[in-house]
Amino acid sequence: MDLARTEVGKPRKGLSRGNAARLGLMAVPVAFFALFFAYPVAAIVARGLKVGGQWQFGRIADVVAQSDVRHVLWFTTWQALASTALTLLIALPGAYVFARFEFRGKQVLRAVVTVPFVLPTVVVGTAFLALLGRGGLLDEMWGVRLDTTVWAILLAHVFFNYAVVVRTVGGLWSQLDPRQEEAARMLGASRWTAWRTVTLPALGPAVAAASLMVFLFTFTSFGVVQILGGPAYSTLEVEIYRQTAQLLDLPTAAVLTLVQFAAVGLILAVHAWTVRRRESALRLVDAAAVARRPRGAGQRSLLAGVMLTIAVLILLPLGVLIERSLSGPGGYGFTYYRELTSADGGAFLVPPIEAVWNSLQYALAATAIALVIGGLAAAALTRKAGRLVRGFDALLMLPLGVSAVTVGFGFLITLDKPPLDLRSTWILVPLAQALVGVPFVVRTMLPVLRAVDGRLREAAAVLGASPLRAWREVDLPMVRRALLIAAGFAFAVSLGEFGATVFIARPDNPTLPVAVARLLGRAGELNYGQAMALSTILMVVCAVSLLLLERLRTDRTTGEF
Amino acid sequence: MGVGVGVGAAAGAGAGAVPGLLTLADATVRFGARAVLDGVGLDVARHEIVCVLGPSGSGKSTLLRAVAGLQELDAGQVLLDGRDQRGVPAHKRGVGLMFQDHQLFPQRDVAGNVAFGLRMHGVSRGEQADRVAELLDLVGLPGAQRRAVASLSGGEQQRVALARALAPRPRLLMLDEPLGQLDRSLRERLVVELRQLFDELGTTVLAVTHDQGEAFALADRVVVMRDGRIAQSGTPLEVWRHPADEFVARFLGFDNVVDATVAGEVADTVWGKVPVPDGAEDGPCRLLVRPAGVRLVPVAEGVPCAVTARTFRGTHVAVHLEPRVGPRLEAACALRDAPGVGETVGVAFDAGDVVLLG
């Protein structure tokens with residue numbers, strides 16, 4: 001009977017109590033975002049645009065009219081578009097292969113392609129510098145240098161976002177019921193027509209969602225462009241950093257922040273729309289039941305092509321990074337690693353290796369914060385609700401796109417006086433890192449929480465379980481795995497957070513990415529080698545946490561990333 | 001209690017002097033402008049098995065949800081043991097509900113599911129284990145404690161769901177389409193088993209189903225629902241013999257309904273004169289002839305009809321007849337007497353199977 005099913009989903013009378021509970025759940029995340037996100041960002045913008053208590057909105061037009069600013073805007077946009085197109089072109093075959101083929105080492109390979117996504121942008125930049133830059137692998141072998149060209153940036157962006165497409169599109173693709181295509185074939189459609197008319201429309205929203213995420217990440221790219229862009233290329237985010245930290249031109253930085261804010265808001269609105277469309281009813285099946293071993297020359301060469309792409313695009317930069325970290329002046333060895341334990345380099349007050357310990361502590365704290373905030377938000381958003389809540393849903397993604405530099409600088413100028421004088425406490429860094437962790441937690445938890453059948457909760461209630469008990473007994477066991485995955489993602493992105501941390505980490509307590517960037521900023525073989533060594537350590541930590549997650553992950557709980 | 005609903009009376013049973021275990025008074029639930037439950041009154045006595053019967057969308061699942069506390073009433077009352085349940089949350093009502101698709105907890109094994117309610121009520125581990133074993137024996141799945149629910153067949157899941165609902169000894173057990181997803185033969189076997197089980201345990205049961213066979217086999221009393229209202233309430237025999245109105249008649253599968261004007265011992269219809277039972281009031285009404293009361297006679301002796309279809313029903317053949325005028329007729333006749341399609345036969349009516357509808 002359908003009736004019971006439809007009735008359950010409908011808003012019910014007596015939800016006033018449920019609404020109150022939901023508001024209660026939402027209060028903590030809302031307060032968190034208001035205090036540690038909206039307030040600092042607003043303060044920075046106000047500082048830039050307010051002169052003597054008067055808002056100077058005219059400045060927006062002035063700044064945007066400057067030719068160098070327009071140049072930055074133009075470059076930011078077109079490189080993001082180009083990166084997105086290139087990523088789709090290279091990663092869609094990969095998505096197909098991961099979705100439909102069964103082959104040895106698939107699980108490990110899936111983890112491998114995800115490693116770049118959680119790698120700190122600083123490490124990605126460094127890896128490509130080692131591959132394409134001065135004295136890099138290509139330079140040594142053929143005298144080719146790409147680090148001053150836009151290609152280095154584009155390739156690094158593809159490297160970084162390959163997994164976004166493979167996971168988002170491939171995740172859905174693997175669960176599409178192949179019988180739908182077979183039904184089209186039985187009705188007279190050719191193999192190609194069946195794919196075009198049945199599968200492609202079903203995948204469309206997932207492709208759109210993935211494209212928008214890639215566009216968002218590349219539009220706000222910081223670390224990669226900072227390291228590979230040189231003086232010629234700079235994105236909005238890099239420009240904000242330059243204006244804030246180097247030129248101390250806060251009004252310009254404030255305007256740029258607003259521009260980026262508007263652009264990101266637009267991207268997220270479109271993204272939310274595509275996600276909602278993706279939630280429309282599709283026949284989904286168990287992925288494991290659909291994947292087949294590749295058959296015939298065509299399928300085998302496709303698989304080989306994808307493997308080759310992964311090897312060149314993903315494994316090679318990572319490999320070169322490791323190689324450079326081991327290749328000292330007197331041949332291969334652990335010179336640079338040993339050097340990390342001494343404070344003589346002069347770049348820091350403490351041995352760089354201490355950054356590893358700092359980073360781990362900060363990232364653990366940030367993960368805990370992100371889990372609490374993101375978990376509460378996801379629980380509040382679980383049940384279908386009105387426009388307001390959906391808006392909140394999109395709002396949670398904002399920290400991914402809003403200038404981390406602005407957030408970091410905002411922390412410095414707002415959280416330095418009572419009652420919130422956090423400037424000298426260690427919690428400042430984890431708070432900033434948790435901001436980028438929360439969206440991942442929400443995105444991972446939400447689909448799983450929404451998938452829990454509400455009537456299971458009702459079954460528990462009828463058997464005597466209070467609402468809280470029902471949540472603990474029914475929801476929690478089902479989301480435990482998602483919770484762990486969310487924790488892993490939050491941990492990895494916290495570990496790699498750079499834009500905000502670079503402002504607020506104290507000189508005697510640098511995090512890994514900050515230490516890498518500082519080492520790279522100094523001349524000399526030794527500093528360069530140490531940067532490579534430190535990046536390798538960071539990469540290994542990220543990769544290990546990810547491989548552990550991959551063991552937990554099942555194909556049913558694909559989530560968003 | 002509440003069983004003595006008169007012939008043709010279309011009303012819920014009124015509350016007697018002693019309140020039943022469950023009483024619904026004027027219970028109303030609206031989804032937007034639509035009333036899914038519309039002033040429903042119903043009494044269920046202790047140890048009684050009541051089956052709510054109705055097509056999908058008639059509000060019967062909502063009725064159960066309202067009693068369980070999963071659906072708040074917009075008006076009216078739910079009383080359990082005479083106590084108003086307004087504001088009492090589902091987990092404190094002490095009623096059991098078996099969901100139509102069972103809703104077993106997928107991450108727990110069979111024992112974990114059956115023991116769930118016991119755990120919620122703070123029963124000790126030892127007692128839990130004993131009770132689980134006892135219940136699994138009762139539902140015919142001895143030793144299934146450690147099996148994963150995903151590995152169970154539909155019938156086995158149904159048994160586990162039943163054991164789970166019975167475990168905390170609810171004062172009222174509610175079943176939502178208990179056998180709906182099972183195949184026919186299993187359903188027929190289980191409905192007998194359920195009836196025996198409930199008789200043995202003395203369980204008070206409120207079940208909903210759209211399957212009249214299931215309802216008649218299971219229930220002491222059948223309540224037919226239509227558009228959120230109770231169309232008829234009575235014993236299976238009463239409802240079967242005297243459907244209260246055309247809706248109930250058609251829902252039970254009786255389609256030989258026609259306009260009639262009663263005068264004395266016969267009614268005038270487009271099919272001709274039809275004899276009516278004694279004591280019928282004169283005047284216009286709707287008239288039902290059950291298929292068993294449609295007798296096939298030589299063409300000259302009755303209403304001439306063409307045979308349009310024959311459906312084999314196991315014990316008899318349903319013969320579809322097309323009279324020259326008026327609505328189609330269905331006759332139930334013995335295998336060897338069934339005419340072939342295309343033949344023309346005469347039809348006569350037996351007063352014993354003629355029912356005047358309200």
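This is a predicted model: local features need pLDDT of at least 70, side-chain atom pairs count only at pLDDT 80 or more; totals for chains, interfaces and linings use all residues.
Biologist: How many of the eleven residues of strand β2 of chain B are buried?
Modeller: Residues are numbered from 1 along each chain as its sequence is written, while chains are lettered from A and ligands numbered from 1 in the order in which they are written. A residue is buried if 20 or more other C-beta atoms lie within 10 Å of its own, exposed if 12 or fewer, and partly exposed in between, with C-beta atoms placed from the backbone. Strand β2(B), residues 34–44, is mostly covered by that count, and its buried residues number eight.

Biologist: Which residue of β2(B) is the bridge partner of B:V29?
Modeller: Strands (E, at least two residues) and helices (H or I, at least four) are DSSP runs numbered from the N terminus, and two strands pair if DSSP finds at least two bridges between them. Strand β1(B), residues 22–31, runs antiparallel to β2(B) and is joined to it by seven bridges. The two form a hairpin with two residues between them, and B:G32 in the turn has a positive phi of about 65°. Within this pairing, B:V29 is partnered by B:L37.

Biologist: Which strands stand at the edges of the open sheet that holds β2 of chain B?
Modeller: The sheet has four strands in the order β2-β1-β4-β5 of chain B, with antiparallel pairing. Strand β4(B), residues 75–80, is joined to β5(B) by two bridges, and B:L80 stands opposite B:R83. A strand with a single partner has one side left without a neighbour in the sheet, so the edges are β2(B) and β5(B).

Biologist: At about what angle does α1(B) run to β2(B)?
Modeller: Nine of the nine residues of α1(B) are buried, so the helix is largely enclosed by the rest of the structure. Among them are B:K60 and B:R65, and B:G69, with a positive phi near 90°, follows the helix. Axes are lines fitted to C-alpha atoms, for helices over the stretch in contact, and angles run from 0 to 180 degrees between N-to-C directions. The helix lies across β1, β2 and β4 of chain B, and its angle to β2(B) is about 65°.

Biologist: How many residues of chain A are in contact with chain B?
Modeller: Two residues are in contact if their C-beta atoms, placed from the backbone, lie within 7 Å. Chain B contributes 29 residues, and on the chain A side the number is 25.

Biologist: How many residues on the side of chain B that touches chain A are charged?
Modeller: The elements giving two or more residues to this side are α1 (60–68), β6 (95–98) and α3 (116–120) of chain B. Ala, Val, Leu, Ile, Met, Phe, Trp, Tyr, Cys and Pro count as nonpolar, Asp, Glu, Lys and Arg as charged, and the others, Gly among them, as polar. The side divides into eleven nonpolar residues and 14 polar ones, with the charged residues numbering four.

Biologist: Is B:P142 buried or exposed?
Modeller: B:P142 is in the loop between α4 (125–138) and α5 (154–166) of chain B. Not counting residues up to four places away in sequence, B:P142 touches B:L136 and B:D137. With 11 other C-beta atoms within 10 Å, B:P142 is exposed.

Biologist: Over which residues of chain B does pLDDT stay under 50?
Modeller: The mean pLDDT of chain B is 87, and 94% of its residues reach 70 or more. The model as a whole scores ipTM 0.75 and pTM 0.69. The stretch under 50, for which the model has 33 contacts beyond four places in sequence, is residues 1–17.

Note on methods:
pLDDT is the predictor's confidence in each residue, from 0 to 100.
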